[in-house]
Amino acid sequence: MLKATDLCFRYGSFELKNINLAIEKGTFTCIAGSNGSGKSTLARLLGGVLEPSSGTIERSSLCGLVLSNPDNMFVNQTVEEDVAFGPENLGHTSEQIRADVDKALELTGLTSYAKEKISSLSYGLKQRVAIAGTLAMDADYLILDEVTSMLDSEASEKILNLILDLVGKGKAVVLVTHNMDQAVYADSLVVMDKGNVIANDKPWKILNNRELMNRCSLKQPYTVRIADKLRLKGYGISAQAITPDTLEKEIRRCSDVYIR
């Protein structure tokens, strides 16, 4: 488990106050909030880059932190060399490092890019290399700070699919994001405002709360907005139908009822 208890952090006039979170393996958590809400600071605290002013962080196993700009994280020229950097520093044997790298590249779909120079890769591929570097260290918890913020929709979707695949394989992923269309797939959504966690619940409960979303300058997902319009037309769409697949099933169900 990755657990924060009464976590506080102070830097100048900014303060994170009494943050309490518990993240289990095999879960997908999104942390959202407007600029300056403290979400990236919380990510760095969870990832071990910053030390809390007070409170505690418990980690049952290794945490990997990936930042929004992957270029700041690379130390070697080729993909496999950079992915190998972590396990090398952990003192793994040559045989183990080879196995670590091969597994991480396979998980992130980068096997065919092993010998490529990182400088030649697209931004989306670079993000996957950075994620592979944390996986090569056998990190069970991945903290991803705005890793899709500079990607186009196609590259963002690939990263999201990778996240869901890793969660399905038992990893825990914490994604800091302002994109609520990604948050619909999470197991839990944490919303921050001015250094405080003001909501921590199932995504559908938060994303349907228009007042809360407006307060935090967050845009409701496309699916939630569609469902709202359909309800105004008399369709009994469940509030829990927030992913494209679940919304489509609800629309079909309601259409069948209406036709009958």
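**Entry 1: Thr56 and what surrounds it**

I started with Thr56, which touches Lys3, Ala4, Thr5 and Leu7 when residues up to four places away in sequence are left out. Contact here means heavy atoms within 4.5 Å. I'm working from a predicted model, where local features need pLDDT of at least 70 and side-chain atom pairs count only at pLDDT 80 or more, while totals for chains, interfaces and linings use all residues. Residues are numbered from 1 along each chain as its sequence is written, and side-chain values use heavy atoms, with hydrogens and water left out.

Thr56 sits in strand β4 (residues 54-59). Helices (H or I, at least four residues) and strands (E, at least two) are DSSP runs, numbered from the N terminus. I noted Thr56 as partly exposed because its relative accessible area is 42%. The scale goes: buried is under 20% relative accessible area, exposed is over 50%, and partly exposed is in between (1.4 Å probe, protein chains only). I also checked Thr56 against Ile19: they are 37 residues apart along the chain, and their C-alpha atoms are separated by 9.7 Å.

**Entry 2: the β1-β2 hairpin**

Next I looked at β1 and β2, which form a hairpin with 2 residues between them. In the turn, Gly12 has a positive phi of about 60 degrees. The two strands run antiparallel and are joined by 7 bridges; two strands pair if DSSP finds at least two bridges between them. One bridge I found has Tyr11 partnered with Phe14 in β2.

Which residue in β1 (residues 2-11) did I stop at? I stopped at Asp6. Its phi is near 50 degrees, a positive value in a residue other than glycine. Asp6 counts as partly exposed because its relative accessibility is 41%. Asn18, in β2 (residues 14-23), also gave me a phi near 50 degrees, again positive in a residue other than glycine.

**Entry 3: the open sheet**

In what order do the 6 strands of the open sheet come? I read it as β5-β6-β7-β3-β8-β9, with mixed pairing. The edge strands are β5 (63-66) and β9 (196-201), and each pairs on one side only. From one strand to the next, the twist averages 15 degrees.

Helix α4 (residues 123-135) packs on the sheet and touches β5 and β6 (141-145); its direction makes about 165 degrees with that of β5. Helix α5 (residues 153-168) packs on the sheet too, touching β3, β6 and β7, and its direction makes about 135 degrees with that of β3. For these angles, axes are lines fitted to C-alpha atoms, for helices over the stretch in contact, and the values run from 0 to 180 degrees between N-to-C directions.

Then I went through some pairs. β5 and β6 are parallel, with 4 bridges, and Cys63 has Tyr141 in β6 as its bridge partner. β3 (residues 28-33) and β7 (residues 172-176) also run parallel, joined by 4 bridges; Thr29 stands opposite Val174 in β7.

A reminder to myself: in a regular strand the side chains alternate between the two faces of the sheet. In β5, Cys63 and Leu65 point one way and Gly64 and Val66 the other way, and all are buried.

**Entry 4: charged side chains**

I counted 15 salt bridges in the structure, each being a side-chain nitrogen of Lys or Arg within 4 Å of a carboxyl oxygen of Asp or Glu. Asp145 and Arg44 make one of them (2.6 Å, N to O). Asp145 is in strand β6 and Arg44 in helix α1 (residues 39-46), 101 residues apart. Asp145 is buried, at a relative accessible area of 2%, while Arg44 is partly exposed at 26%.

Lys25, Asp138, Asp140 and Lys171 are linked in a network of salt bridges.

The Glu146 side chain does make a polar contact with the side chain of His178 (3.2 Å). A polar contact is a pair of N or O atoms within 3.5 Å; within protein, one must be able to donate a hydrogen and the other to accept it, and residues adjacent in sequence count only if both atoms are side-chain atoms.
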